[in-house]
Amino acid sequence: IRTGFAETAETLVRLGRQRLTAEINNRVLSTYQAAVQSGDDSYIGVSGLSLANLNSALSGVRDASESDEVVIVGRHTMTDKIVDALTGNNTYALFTPETNEQLLRTGVQGSYRRARIITLPNVVNGSGISQFPANELWIIGQDAGKAAYFGESQFKEFIEDDNWNWHYIYRQDFASTLIYKDRVRRIVDSTVTP
């Protein structure tokens with residue numbers, strides 16, 4: 001605060017919590033990436049995302065899952081390709097007038113074949129590296145793995161007795177695991193820079 005890095009203590013606390021959330025997301029992604037690597041049945045390397053690739057991945061996840069709840073997760077660099085593939089030169093001929101209007105207004109499709117599309121922002125770490133690769137699209141069944149928060153988040157706030165340094169420590173115990181690798185698909189597009 002003294003050096004102008006942040007205007008208020010609340011700003012620093014908010015940024016710290018965002019950093020913790022980003023780290024949790026990074027660890028979940030790292031777990032899934034370690035489980036699904038090139039050569040695995042759940043890994044799909046493509047040169048340009050097509051609806052055939054996406055449909056095959058959705059069918060495979062749904063067929064292996066005990067739940068019909070499936071999500072498609074990626075950054076705009078990949079989720080926008082779904083809309084591009086559906087619209088065919090921006091003609092929007094495949095959609096009803098209401099859907100056309102929504103796509104023109106918002107630029108996004110909320111779901112595809114009953115799978116909710118989650119578009120992640122491009123969050124970068126302290127070194128300017130994206131937390132989620134631009135060239136990956138994940139299709140994940142609700143029952144593919146488990147994520148758990150152990151207890152509530154905890155924090156400590158204190159000022160050192162012998163100086164003016166203020167400290168705010170925030171922590172959260174969390175674990176993530178991928179149990180059923182066949183209930184996810186990792187699509188990696190070689191035409192998009194990671």
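Colleague: In which sense do strand 2 and strand 5 pair, and over how many bridges?

Modeller: Please keep in mind that this is a predicted model. As a general idea, the strands of a sheet pair through backbone hydrogen bonds, either parallel or antiparallel. Here, strand 2 and strand 5 (residues 136-141) are paired in the antiparallel sense, over 5 bridges. Within that pairing, V73 faces W138 of strand 5, and I72 stands opposite I139.

Colleague: In which sense does strand 2 pair with strand 4?

Modeller: Strand 2 and strand 4 (residues 115-120) pair in the parallel sense, over 5 bridges. Here V71 stands opposite R116, and G74 stands opposite T119.

Colleague: What is the order of the strands in the sheet?

Modeller: The order is 1-8-5-2-4-3, in an open sheet of 6 strands with mixed pairing. Strand 1 (43-46) and strand 3 (111-112) stand at the edges with a single partner strand each, so one side of each has no neighbour in the sheet.

Colleague: Which strands do these edge strands join, and how do they run?

Modeller: Strand 1 is joined to strand 8 (residues 184-189) by 4 bridges, and the two run parallel. In that pairing, Y43 stands opposite R186 of strand 8. Strand 3 and strand 4 run antiparallel and are joined by 2 bridges. Y112 has A115 in strand 4 as its bridge partner. Strand 3 and strand 4 form a hairpin with 2 residues between the strands, where R113 takes a positive phi near 50 degrees.

Colleague: How should I read a helix, and what does helix 3 show?

Modeller: An α-helix has 3.6 residues a turn, so residues three or four places apart point the same way. Helix 3 (residues 76-87) has 12 residues, and the distance from its first C-alpha to its last is 16 Å, close to the 16 Å expected at 1.5 Å a residue. Its buried residues are M78, T79, I82, V83, L86 and T87.

Colleague: Let us turn to aromatic rings. How many aromatic pairs are there?

Modeller: A pair of aromatic rings is described by the distance of the centres and the angle of the planes. Ring centres must lie within 6.5 Å for the rings to pair, and by this rule there are 4 aromatic pairs. One of them is formed by Y149 and F174, whose ring centres are 4.9 Å apart and whose planes stand at 55 degrees, so the pair is tilted. Y149 lies in strand 6 (residues 145-159) and F174 in strand 7 (residues 166-178), so the pair ties together parts that are 25 residues apart in sequence. Y149 counts as exposed, at 52% relative accessibility, while F174 is partly exposed, at 22%.

The rings of W166 and Y168 have centres 6.3 Å apart and planes at 40 degrees, so this pair is also tilted. W166 is partly exposed with a relative accessible area of 30%, and Y168 is partly exposed with 22%.

Colleague: Which residues do ring pairs link into a cluster?

Modeller: The cluster consists of F155, W166 and Y168.

Colleague: Where does the charged end of R183 sit?

Modeller: The charged end of R183 sits over the ring of Y180, at 3.8 Å from its centre.

Definitions and conventions:
Residues numbered from 1 in each chain as written. Predicted model: local features only at pLDDT ≥ 70, side-chain atom pairs only at ≥ 80, totals over all residues. Heavy atoms only, no water. Expected span 1.5 Å × (residues − 1). Buried < 20%, exposed > 50% of the residue type's maximum accessible area, 1.4 Å probe, protein only. Phe/Tyr/Trp six-rings, centres within 6.5 Å; stacked < 30°, edge-to-face > 60°. Lys NZ or Arg CZ within 6 Å of the ring centre and 35° of its normal. Pairing = 2+ DSSP bridges.
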